[in-house]
Amino acid sequence: MTAVLEVRQAVKTFGSGRSVQQVLGGVDVTVGEGEFVSIIGPSGSGKTTLFRLIGGLERPDSGEIRIQGRVVTGERGHIAYMPQQAALLPWRTVTDNIVLALTIAGVTESEARRLSAEWLPRIGLAGYGDSYPHTLSGGMQQRVSFLRALLAPRGLMCLDEPFGALDALTRLQMQQWLLSIWEANRRSVLMVTHSIEEALLLSDRILVMSSSPATILRELEVPFGRPRSPELWTDPQFNAWKQELYELLSGAAPKMADEKGGEL
Amino acid sequence: MLLLLIVWQGAVWLFELEAWKLPGPVEIVREAASIWPRLLEHTWATTKLAVFGFALGAATGVLVAAVLHLVPGARSGLYPLLVLTQNIPTIVLYPLLMIWLGLGLLPKLVLIVLVCFFPIAVAMLSGLSQRDPRLFDYLAMIGAGKWRIFRDLELPGAIPYLFSGLKIAAAYSITGVIVAEWLGASSGIGYYIKLSYSGFLVTRVFAGVAIIVLLSLAVFGVIVALERWCMRWQRHKEGS
(Lines give C-alpha, C1' and ligand atoms only; values in the text may rest on other atoms or scores of the structure.)
Protein backbone atom coordinates (compact mmCIF):
# COMPACT_ATOMS: atom_id res chain seq x y z
CA MET A 1 0.00 0.00 0.00
CA THR A 2 1.43 3.37 -0.97
CA ALA A 3 1.41 6.02 1.72
CA VAL A 4 -0.51 9.21 0.96
CA LEU A 5 0.78 10.89 4.09
CA GLU A 6 3.92 10.22 6.06
CA VAL A 7 4.83 12.31 9.05
CA ARG A 8 8.25 11.30 10.37
CA GLN A 9 9.46 12.28 13.83
CA ALA A 10 7.79 15.68 13.84
CA VAL A 11 8.96 17.84 16.73
CA LYS A 12 7.44 21.23 17.44
CA THR A 13 8.22 23.58 20.30
CA PHE A 14 6.50 26.86 21.06
CA GLY A 15 7.68 29.76 23.15
CA SER A 16 11.19 30.77 24.07
CA GLY A 17 13.33 31.12 27.17
CA ARG A 18 11.70 29.65 30.25
CA SER A 19 8.24 29.29 28.83
CA VAL A 20 9.35 26.79 26.21
CA GLN A 21 6.76 24.10 25.69
CA GLN A 22 7.31 21.09 23.54
CA VAL A 23 3.98 20.32 21.91
CA LEU A 24 4.97 17.52 19.56
CA GLY A 25 7.69 15.17 20.70
CA GLY A 26 8.52 13.11 17.66
CA VAL A 27 5.21 12.13 16.10
CA ASP A 28 4.90 9.49 13.37
CA VAL A 29 1.74 9.24 11.32
CA THR A 30 1.10 7.28 8.14
CA VAL A 31 -2.07 7.26 6.07
CA GLY A 32 -2.31 4.76 3.23
CA GLU A 33 -4.20 5.14 -0.03
CA GLY A 34 -7.93 4.96 0.64
CA GLU A 35 -7.40 4.55 4.35
CA PHE A 36 -9.36 6.26 7.12
CA VAL A 37 -7.09 7.01 10.06
CA SER A 38 -8.18 8.71 13.29
CA ILE A 39 -6.11 10.35 15.96
CA ILE A 40 -7.66 10.48 19.40
CA GLY A 41 -6.08 12.11 22.39
CA PRO A 42 -6.82 14.30 25.36
CA SER A 43 -7.61 17.98 24.84
CA GLY A 44 -4.62 20.15 24.22
CA SER A 45 -2.52 17.22 23.12
CA GLY A 46 -1.18 18.97 20.04
CA LYS A 47 -3.60 17.52 17.49
CA THR A 48 -4.29 20.93 16.05
CA THR A 49 -0.57 21.67 15.86
CA LEU A 50 -0.05 18.43 13.98
CA PHE A 51 -2.69 19.52 11.43
CA ARG A 52 -1.09 22.92 11.06
CA LEU A 53 2.21 21.20 10.25
CA ILE A 54 0.54 18.97 7.66
CA GLY A 55 -1.25 21.96 6.16
CA GLY A 56 1.99 23.91 5.97
CA LEU A 57 0.88 26.70 8.30
CA GLU A 58 3.76 25.88 10.63
CA ARG A 59 7.11 24.21 10.12
CA PRO A 60 8.27 21.46 12.44
CA ASP A 61 11.51 22.08 14.35
CA SER A 62 12.68 18.74 13.05
CA GLY A 63 11.20 15.82 11.16
CA GLU A 64 9.60 15.77 7.76
CA ILE A 65 6.24 15.50 6.10
CA ARG A 66 5.65 13.66 2.85
CA ILE A 67 2.46 13.70 0.84
CA GLN A 68 2.20 11.17 -1.98
CA GLY A 69 5.90 10.49 -1.62
CA ARG A 70 7.06 14.07 -1.99
CA VAL A 71 8.59 16.08 0.86
CA VAL A 72 6.23 18.99 1.47
CA THR A 73 7.39 20.19 4.88
CA GLY A 74 6.18 23.77 5.32
CA GLU A 75 4.38 23.83 1.97
CA ARG A 76 0.71 24.70 1.64
CA GLY A 77 -1.90 23.53 -0.80
CA HIS A 78 -1.53 19.75 -0.67
CA ILE A 79 -4.54 18.79 1.41
CA ALA A 80 -8.29 19.14 1.56
CA TYR A 81 -9.45 20.32 4.94
CA MET A 82 -12.56 20.34 7.05
CA PRO A 83 -12.33 22.38 10.25
CA GLN A 84 -14.34 21.99 13.44
CA GLN A 85 -16.42 25.06 12.63
CA ALA A 86 -17.72 25.03 9.08
CA ALA A 87 -15.75 28.19 8.13
CA LEU A 88 -18.08 29.13 5.28
CA LEU A 89 -17.70 32.68 4.01
CA PRO A 90 -20.92 34.39 5.18
CA TRP A 91 -21.21 36.63 2.11
CA ARG A 92 -21.04 33.74 -0.34
CA THR A 93 -23.86 31.35 -1.12
CA VAL A 94 -23.44 27.64 -0.49
CA THR A 95 -22.54 27.04 -4.14
CA ASP A 96 -20.10 29.95 -4.22
CA ASN A 97 -18.42 28.66 -1.08
CA ILE A 98 -17.92 25.26 -2.70
CA VAL A 99 -16.69 26.91 -5.90
CA LEU A 100 -14.18 29.00 -3.95
CA ALA A 101 -12.65 25.97 -2.22
CA LEU A 102 -12.51 23.98 -5.45
CA THR A 103 -10.96 26.76 -7.53
CA ILE A 104 -8.28 27.23 -4.86
CA ALA A 105 -7.57 23.52 -5.31
CA GLY A 106 -7.18 24.06 -9.06
CA VAL A 107 -10.60 23.08 -10.43
CA THR A 108 -11.97 25.37 -13.15
CA GLU A 109 -14.92 27.50 -12.16
CA SER A 110 -17.38 25.85 -14.56
CA GLU A 111 -16.36 22.38 -13.44
CA ALA A 112 -16.68 23.46 -9.81
CA ARG A 113 -20.22 24.72 -10.46
CA ARG A 114 -21.13 21.50 -12.21
CA LEU A 115 -19.77 19.37 -9.34
CA SER A 116 -21.55 21.49 -6.79
CA ALA A 117 -24.89 21.22 -8.60
CA GLU A 118 -24.39 17.47 -8.99
CA TRP A 119 -23.47 16.82 -5.37
CA LEU A 120 -25.68 19.12 -3.30
CA PRO A 121 -28.75 16.90 -3.84
CA ARG A 122 -26.69 13.83 -2.89
CA ILE A 123 -25.94 15.30 0.53
CA GLY A 124 -29.56 16.25 1.09
CA LEU A 125 -29.14 19.91 0.24
CA ALA A 126 -31.00 20.12 -3.06
CA GLY A 127 -32.28 23.65 -3.50
CA TYR A 128 -29.87 25.15 -0.98
CA GLY A 129 -27.22 26.19 -3.51
CA ASP A 130 -28.28 29.81 -3.50
CA SER A 131 -28.80 30.05 0.26
CA TYR A 132 -26.42 31.90 2.49
CA PRO A 133 -24.62 29.82 5.14
CA HIS A 134 -26.26 31.44 8.18
CA THR A 135 -29.67 30.25 7.02
CA LEU A 136 -28.47 26.63 7.32
CA SER A 137 -28.37 24.56 10.51
CA GLY A 138 -25.04 23.56 12.03
CA GLY A 139 -25.32 20.03 10.63
CA MET A 140 -26.11 21.31 7.12
CA GLN A 141 -23.16 23.69 7.26
CA GLN A 142 -20.88 20.83 8.22
CA ARG A 143 -22.19 18.77 5.30
CA VAL A 144 -21.28 21.62 2.95
CA SER A 145 -17.91 21.88 4.65
CA PHE A 146 -17.34 18.15 4.18
CA LEU A 147 -18.47 18.26 0.56
CA ARG A 148 -15.96 21.01 -0.19
CA ALA A 149 -13.20 18.84 1.17
CA LEU A 150 -14.47 15.71 -0.57
CA LEU A 151 -14.66 17.33 -4.01
CA ALA A 152 -11.27 19.01 -3.85
CA PRO A 153 -8.86 17.00 -6.00
CA ARG A 154 -6.31 16.50 -3.27
CA GLY A 155 -4.76 13.24 -2.15
CA LEU A 156 -5.48 13.65 1.54
CA MET A 157 -8.51 14.88 3.46
CA CYS A 158 -7.85 16.26 6.94
CA LEU A 159 -10.86 16.43 9.25
CA ASP A 160 -10.30 18.40 12.43
CA GLU A 161 -12.91 17.30 14.97
CA PRO A 162 -15.48 17.61 12.22
CA PHE A 163 -18.52 17.16 14.44
CA GLY A 164 -17.16 18.57 17.67
CA ALA A 165 -19.39 21.64 17.57
CA LEU A 166 -22.65 19.77 16.95
CA ASP A 167 -25.20 18.54 19.45
CA ALA A 168 -25.17 14.83 20.32
CA LEU A 169 -28.04 13.71 18.08
CA THR A 170 -26.89 15.67 15.02
CA ARG A 171 -23.42 14.37 15.66
CA LEU A 172 -24.63 10.78 15.57
CA GLN A 173 -26.53 11.37 12.31
CA MET A 174 -23.55 13.11 10.77
CA GLN A 175 -21.21 10.25 11.68
CA GLN A 176 -23.47 7.77 9.93
CA TRP A 177 -23.87 10.09 7.00
CA LEU A 178 -20.11 10.49 6.69
CA LEU A 179 -19.62 6.74 6.99
CA SER A 180 -21.93 6.07 4.04
CA ILE A 181 -20.43 8.81 1.88
CA TRP A 182 -16.90 7.78 2.68
CA GLU A 183 -17.51 4.08 2.05
CA ALA A 184 -18.86 4.96 -1.38
CA ASN A 185 -15.86 7.14 -2.23
CA ARG A 186 -12.89 5.79 -0.27
CA ARG A 187 -10.69 8.81 0.03
CA SER A 188 -7.59 8.91 2.20
CA VAL A 189 -8.60 10.58 5.45
CA LEU A 190 -6.83 11.72 8.57
CA MET A 191 -9.32 12.69 11.26
CA VAL A 192 -8.73 14.16 14.67
CA THR A 193 -11.42 13.54 17.26
CA HIS A 194 -12.19 13.45 20.97
CA SER A 195 -14.82 10.82 20.54
CA ILE A 196 -13.89 7.15 20.93
CA GLU A 197 -17.14 5.97 19.33
CA GLU A 198 -16.63 8.25 16.36
CA ALA A 199 -13.12 6.92 15.81
CA LEU A 200 -14.23 3.28 16.12
CA LEU A 201 -17.22 3.69 13.84
CA LEU A 202 -15.37 5.43 11.03
CA SER A 203 -11.73 4.40 11.02
CA ASP A 204 -9.56 1.64 9.67
CA ARG A 205 -6.83 2.54 12.11
CA ILE A 206 -6.72 4.57 15.32
CA LEU A 207 -3.69 6.38 16.72
CA VAL A 208 -3.82 7.18 20.41
CA MET A 209 -1.93 10.31 21.26
CA SER A 210 -0.47 11.33 24.61
CA SER A 211 -0.22 14.94 25.67
CA SER A 212 2.60 17.42 26.31
CA PRO A 213 4.69 16.59 24.48
CA ALA A 214 2.50 14.56 22.17
CA THR A 215 3.67 11.19 20.95
CA ILE A 216 1.76 8.30 19.45
CA LEU A 217 1.12 5.95 22.37
CA ARG A 218 -0.47 3.15 20.44
CA GLU A 219 -1.72 2.21 17.06
CA LEU A 220 -4.77 -0.01 16.66
CA GLU A 221 -6.23 -1.67 13.61
CA VAL A 222 -9.99 -1.49 13.88
CA PRO A 223 -11.23 -5.04 13.27
CA PHE A 224 -14.71 -4.30 11.92
CA GLY A 225 -15.28 -5.02 8.26
CA ARG A 226 -16.75 -2.74 5.63
CA PRO A 227 -19.35 -1.66 4.87
CA ARG A 228 -20.14 -0.97 8.49
CA SER A 229 -23.58 -1.00 9.91
CA PRO A 230 -24.80 2.07 11.74
CA GLU A 231 -25.74 -0.36 14.54
CA LEU A 232 -22.11 -1.23 15.08
CA TRP A 233 -22.24 0.23 18.56
CA THR A 234 -24.51 -2.62 19.69
CA ASP A 235 -21.76 -5.15 18.92
CA PRO A 236 -20.20 -6.40 22.22
CA GLN A 237 -16.79 -6.26 20.57
CA PHE A 238 -17.33 -2.57 19.90
CA ASN A 239 -17.82 -1.99 23.60
CA ALA A 240 -14.75 -4.00 24.52
CA TRP A 241 -12.67 -1.81 22.20
CA LYS A 242 -14.26 1.28 23.55
CA GLN A 243 -13.28 0.23 27.06
CA GLU A 244 -9.71 -0.45 26.04
CA LEU A 245 -9.35 2.90 24.26
CA TYR A 246 -10.88 4.66 27.22
CA GLU A 247 -8.30 3.17 29.54
CA LEU A 248 -5.49 4.11 27.18
CA LEU A 249 -6.74 7.67 27.00
CA SER A 250 -7.15 7.98 30.76
CA GLY A 251 -3.54 6.97 31.06
CA ALA A 252 -2.57 9.55 28.47
CA ALA A 253 -4.33 12.46 30.13
CA PRO A 254 -2.56 14.36 32.91
CA LYS A 255 -3.64 12.77 36.19
CA MET A 256 -5.58 15.27 38.20
CA ALA A 257 -6.19 13.12 41.28
CA ASP A 258 -2.53 12.29 41.79
CA GLU A 259 -1.46 15.87 41.76
CA LYS A 260 -3.90 16.83 44.49
CA GLY A 261 -3.65 14.37 47.34
CA GLY A 262 -1.29 11.55 46.65
CA GLU A 263 -2.49 9.60 49.71
CA LEU A 264 -5.63 8.29 48.10
CA MET B 1 -36.89 67.93 12.72
CA LEU B 2 -40.34 69.28 11.94
CA LEU B 3 -40.68 70.42 15.55
CA LEU B 4 -37.39 72.29 15.26
CA LEU B 5 -38.63 74.12 12.17
CA ILE B 6 -41.90 75.06 13.91
CA VAL B 7 -40.10 76.35 17.02
CA TRP B 8 -37.73 78.30 14.81
CA GLN B 9 -40.51 79.90 12.79
CA GLY B 10 -42.48 80.56 15.99
CA ALA B 11 -39.51 82.31 17.61
CA VAL B 12 -38.98 84.50 14.56
CA TRP B 13 -42.63 85.62 14.62
CA LEU B 14 -42.84 85.95 18.39
CA PHE B 15 -39.73 88.10 18.81
CA GLU B 16 -40.25 89.86 15.49
CA LEU B 17 -36.69 89.18 14.42
CA GLU B 18 -35.43 91.09 11.42
CA ALA B 19 -34.75 88.96 8.34
CA TRP B 20 -31.14 90.13 8.19
CA LYS B 21 -30.55 88.70 11.69
CA LEU B 22 -32.43 85.42 11.58
CA PRO B 23 -34.95 84.67 8.86
CA GLY B 24 -37.60 82.04 9.51
CA PRO B 25 -37.96 78.87 7.42
CA VAL B 26 -40.96 80.26 5.57
CA GLU B 27 -38.98 83.34 4.59
CA ILE B 28 -36.04 81.19 3.44
CA VAL B 29 -38.20 78.95 1.26
CA ARG B 30 -39.93 81.99 -0.27
CA GLU B 31 -36.56 83.62 -1.03
CA ALA B 32 -35.12 80.40 -2.44
CA ALA B 33 -38.12 80.03 -4.76
CA SER B 34 -37.73 83.55 -6.07
CA ILE B 35 -34.11 82.97 -7.11
CA TRP B 36 -34.57 79.32 -7.96
CA PRO B 37 -32.93 79.12 -11.44
CA ARG B 38 -29.72 80.71 -10.21
CA LEU B 39 -29.71 78.61 -7.05
CA LEU B 40 -30.19 75.45 -9.10
CA GLU B 41 -27.21 76.34 -11.27
CA HIS B 42 -24.99 76.76 -8.21
CA THR B 43 -26.35 73.59 -6.66
CA TRP B 44 -25.57 71.67 -9.80
CA ALA B 45 -21.97 72.98 -9.84
CA THR B 46 -21.48 72.01 -6.20
CA THR B 47 -23.06 68.59 -6.65
CA LYS B 48 -20.90 67.75 -9.65
CA LEU B 49 -17.73 68.74 -7.85
CA ALA B 50 -18.66 66.99 -4.61
CA VAL B 51 -19.69 63.73 -6.27
CA PHE B 52 -16.73 63.64 -8.63
CA GLY B 53 -14.26 64.54 -5.88
CA PHE B 54 -15.86 62.05 -3.50
CA ALA B 55 -15.65 59.24 -6.04
CA LEU B 56 -12.01 60.05 -6.74
CA GLY B 57 -11.30 60.33 -3.02
CA ALA B 58 -13.02 57.01 -2.30
CA ALA B 59 -11.00 55.28 -5.01
CA THR B 60 -7.81 56.81 -3.63
CA GLY B 61 -8.74 55.78 -0.10
CA VAL B 62 -9.42 52.17 -1.05
CA LEU B 63 -6.22 52.01 -3.10
CA VAL B 64 -4.12 53.51 -0.30
CA ALA B 65 -5.61 51.07 2.21
CA ALA B 66 -4.93 48.11 -0.12
CA VAL B 67 -1.32 49.16 -0.71
CA LEU B 68 -0.64 49.80 2.98
CA HIS B 69 -2.20 46.45 3.81
CA LEU B 70 -0.53 44.36 1.12
CA VAL B 71 2.98 45.80 0.90
CA PRO B 72 5.02 44.59 3.86
CA GLY B 73 6.28 47.46 5.98
CA ALA B 74 4.22 50.07 4.12
CA ARG B 75 1.72 50.38 6.92
CA SER B 76 4.13 51.33 9.66
CA GLY B 77 6.20 53.46 7.28
CA LEU B 78 3.47 55.48 5.60
CA TYR B 79 0.74 55.75 8.20
CA PRO B 80 2.32 58.82 9.91
CA LEU B 81 2.49 60.51 6.52
CA LEU B 82 -1.21 59.91 6.03
CA VAL B 83 -1.99 61.53 9.33
CA LEU B 84 0.16 64.48 8.31
CA THR B 85 -2.04 65.17 5.28
CA GLN B 86 -4.92 65.71 7.70
CA ASN B 87 -3.11 68.07 10.05
CA ILE B 88 -3.16 71.04 7.70
CA PRO B 89 -6.49 72.88 7.95
CA THR B 90 -8.33 72.99 4.63
CA ILE B 91 -8.69 76.72 4.91
CA VAL B 92 -4.88 77.04 4.89
CA LEU B 93 -4.35 74.27 2.38
CA TYR B 94 -6.64 75.50 -0.34
CA PRO B 95 -4.94 78.86 -1.06
CA LEU B 96 -1.67 76.92 -1.31
CA LEU B 97 -3.24 74.51 -3.78
CA MET B 98 -4.48 77.47 -5.82
CA ILE B 99 -0.97 78.92 -5.91
CA TRP B 100 0.43 75.61 -7.11
CA LEU B 101 -2.36 74.39 -9.36
CA GLY B 102 -4.15 77.52 -10.55
CA LEU B 103 -7.76 78.56 -10.28
CA GLY B 104 -9.45 75.82 -12.26
CA LEU B 105 -11.04 72.54 -11.33
CA LEU B 106 -7.82 70.79 -10.38
CA PRO B 107 -7.06 72.40 -6.98
CA LYS B 108 -10.67 71.83 -5.92
CA LEU B 109 -10.54 68.16 -6.84
CA VAL B 110 -7.21 67.75 -5.09
CA LEU B 111 -8.63 69.35 -1.95
CA ILE B 112 -11.69 67.10 -1.89
CA VAL B 113 -9.64 63.99 -2.55
CA LEU B 114 -7.29 64.94 0.28
CA VAL B 115 -10.19 65.46 2.65
CA CYS B 116 -12.08 62.34 1.55
CA PHE B 117 -9.51 59.63 1.22
CA PHE B 118 -8.36 59.70 4.82
CA PRO B 119 -11.45 58.46 6.68
CA ILE B 120 -11.97 55.87 3.95
CA ALA B 121 -8.38 54.64 4.04
CA VAL B 122 -8.34 54.44 7.83
CA ALA B 123 -11.68 52.62 8.08
CA MET B 124 -10.80 50.27 5.24
CA LEU B 125 -7.40 49.51 6.72
CA SER B 126 -8.82 48.50 10.06
CA GLY B 127 -11.40 46.41 8.19
CA LEU B 128 -8.71 44.65 6.20
CA SER B 129 -6.74 43.74 9.30
CA GLN B 130 -9.82 42.43 11.13
CA ARG B 131 -10.11 39.22 9.16
CA ASP B 132 -11.83 36.31 10.85
CA PRO B 133 -9.06 33.99 12.13
CA ARG B 134 -11.17 30.86 11.60
CA LEU B 135 -11.82 31.68 7.97
CA PHE B 136 -8.21 32.70 7.48
CA ASP B 137 -6.93 29.42 8.92
CA TYR B 138 -9.29 27.45 6.73
CA LEU B 139 -8.23 29.22 3.54
CA ALA B 140 -4.57 28.95 4.45
CA MET B 141 -4.96 25.22 5.17
CA ILE B 142 -6.44 24.52 1.76
CA GLY B 143 -3.60 26.48 0.17
CA ALA B 144 -5.05 29.90 -0.71
CA GLY B 145 -2.33 32.40 -1.57
CA LYS B 146 -1.99 35.94 -0.29
CA TRP B 147 -3.93 37.39 -3.22
CA ARG B 148 -6.79 34.91 -2.88
CA ILE B 149 -7.05 35.67 0.82
CA PHE B 150 -7.08 39.39 0.08
CA ARG B 151 -9.67 39.17 -2.67
CA ASP B 152 -12.01 36.60 -1.16
CA LEU B 153 -11.66 37.10 2.58
CA GLU B 154 -10.13 40.42 3.60
CA LEU B 155 -11.73 42.64 0.97
CA PRO B 156 -15.33 41.42 1.39
CA GLY B 157 -14.82 41.42 5.15
CA ALA B 158 -13.80 45.08 5.05
CA ILE B 159 -16.97 46.22 3.26
CA PRO B 160 -18.88 47.29 6.43
CA TYR B 161 -15.83 49.27 7.52
CA LEU B 162 -15.54 50.80 4.08
CA PHE B 163 -19.08 52.07 4.34
CA SER B 164 -18.56 53.76 7.69
CA GLY B 165 -15.57 55.49 6.09
CA LEU B 166 -17.65 56.48 3.07
CA LYS B 167 -20.34 58.04 5.25
CA ILE B 168 -17.85 60.26 7.04
CA ALA B 169 -16.06 61.11 3.81
CA ALA B 170 -19.32 62.09 2.09
CA ALA B 171 -19.99 64.74 4.72
CA TYR B 172 -16.37 65.91 4.44
CA SER B 173 -16.53 66.13 0.67
CA ILE B 174 -19.42 68.58 0.75
CA THR B 175 -17.80 70.80 3.38
CA GLY B 176 -14.60 70.59 1.31
CA VAL B 177 -16.38 71.80 -1.81
CA ILE B 178 -17.99 74.68 0.09
CA VAL B 179 -14.61 75.79 1.45
CA ALA B 180 -13.02 75.60 -1.98
CA GLU B 181 -15.87 77.52 -3.59
CA TRP B 182 -15.79 80.12 -0.85
CA LEU B 183 -12.10 80.72 -1.27
CA GLY B 184 -11.85 80.82 -5.01
CA ALA B 185 -14.58 80.04 -7.50
CA SER B 186 -17.12 81.71 -9.70
CA SER B 187 -19.95 79.25 -9.16
CA GLY B 188 -21.29 76.84 -6.59
CA ILE B 189 -23.18 77.12 -3.32
CA GLY B 190 -20.06 78.13 -1.40
CA TYR B 191 -19.46 81.01 -3.79
CA TYR B 192 -23.13 81.97 -3.61
CA ILE B 193 -23.12 82.04 0.20
CA LYS B 194 -20.01 84.22 0.24
CA LEU B 195 -21.62 86.59 -2.26
CA SER B 196 -24.79 86.78 -0.19
CA TYR B 197 -22.80 87.53 2.94
CA SER B 198 -21.08 90.44 1.23
CA GLY B 199 -24.50 91.88 0.46
CA PHE B 200 -25.91 91.13 3.95
CA LEU B 201 -28.51 88.92 2.30
CA VAL B 202 -28.80 86.61 5.28
CA THR B 203 -31.92 84.91 3.97
CA ARG B 204 -30.03 83.81 0.89
CA VAL B 205 -27.18 82.57 3.09
CA PHE B 206 -29.70 80.39 4.86
CA ALA B 207 -31.13 79.22 1.57
CA GLY B 208 -27.60 78.12 0.62
CA VAL B 209 -27.15 76.33 3.93
CA ALA B 210 -30.49 74.56 3.46
CA ILE B 211 -29.32 73.28 0.10
CA ILE B 212 -26.06 72.04 1.62
CA VAL B 213 -28.04 70.12 4.23
CA LEU B 214 -30.36 68.60 1.63
CA LEU B 215 -27.41 67.67 -0.56
CA SER B 216 -25.62 65.98 2.35
CA LEU B 217 -28.74 64.03 3.22
CA ALA B 218 -29.18 62.92 -0.39
CA VAL B 219 -25.58 61.71 -0.68
CA PHE B 220 -25.88 59.95 2.66
CA GLY B 221 -29.06 58.27 1.50
CA VAL B 222 -27.40 57.00 -1.66
CA ILE B 223 -24.53 55.53 0.37
CA VAL B 224 -26.88 53.82 2.81
CA ALA B 225 -28.80 52.32 -0.12
CA LEU B 226 -25.55 51.11 -1.66
CA GLU B 227 -24.51 49.60 1.66
CA ARG B 228 -27.78 47.71 1.93
CA TRP B 229 -27.25 46.34 -1.51
CA CYS B 230 -23.68 45.24 -0.79
CA MET B 231 -24.71 43.62 2.48
CA ARG B 232 -27.86 42.04 1.09
CA TRP B 233 -26.69 38.58 2.16
CA GLN B 234 -27.31 39.65 5.74
CA ARG B 235 -30.92 40.51 5.08
CA HIS B 236 -32.00 36.89 5.25
CA LYS B 237 -30.69 36.70 8.78
CA GLU B 238 -33.64 38.49 10.33
CA GLY B 239 -36.07 36.45 8.25
CA SER B 240 -34.81 33.05 9.35
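## Basis of the description

The model is predicted, and local features need pLDDT of at least 70, while side-chain atom pairs count only at pLDDT 80 or more and totals for chains, interfaces and linings use all residues. Residues are numbered from 1 along each chain as its sequence is written, and chains are lettered from A and ligands numbered from 1 in the order in which they are written.

## The sheet of chain A

Chain A holds an open sheet of 6 strands in the order β6-β7-β8-β3-β9-β10, with mixed pairing. Helices (H or I, at least four residues) and strands (E, at least two) are DSSP runs numbered from the N terminus, and two strands pair if DSSP finds at least two bridges between them. Because β6 (79-82) and β10 (216-221) of chain A each have a single partner strand, they stand at the edges, and one side of each is left without a neighbour in the sheet. On average, neighbouring strands of this sheet are turned by 20° against each other, direction ignored.

Strand β3 (residues 36-40) of chain A runs parallel to strand β9 (residues 205-209) of chain A, and 4 bridges join them; here A:Ser38 stands opposite A:Ile206 in β9(A).

A residue is buried if 20 or more other C-beta atoms lie within 10 Å of its own, exposed if 12 or fewer, and partly exposed in between, with C-beta atoms placed from the backbone. From β7(A), A:Leu156, A:Cys158 and A:Asp160 point one way, whereas A:Met157 and A:Leu159 point the other way. In a regular strand the side chains alternate between the two faces of the sheet.

β7(A) pairs with β6(A) in the parallel sense over 4 bridges, and A:Leu156 is the bridge partner of A:Ile79. With strand β8 (residues 188-193) of chain A, β7(A) also runs parallel, joined by 5 bridges, and A:Met157 stands opposite A:Val189 in β8(A).

## The side facing chain B

In chain A, 21 residues are in contact with 17 residues of chain B, where contact requires that the C-beta atoms of two residues, placed from the backbone, lie within 7 Å. The elements that give two or more residues to this side of chain A are β6 and α2 (94-104) of chain A.

Notes. Axes fitted to C-alpha atoms, helices over the stretch in contact; angles between N-to-C directions.
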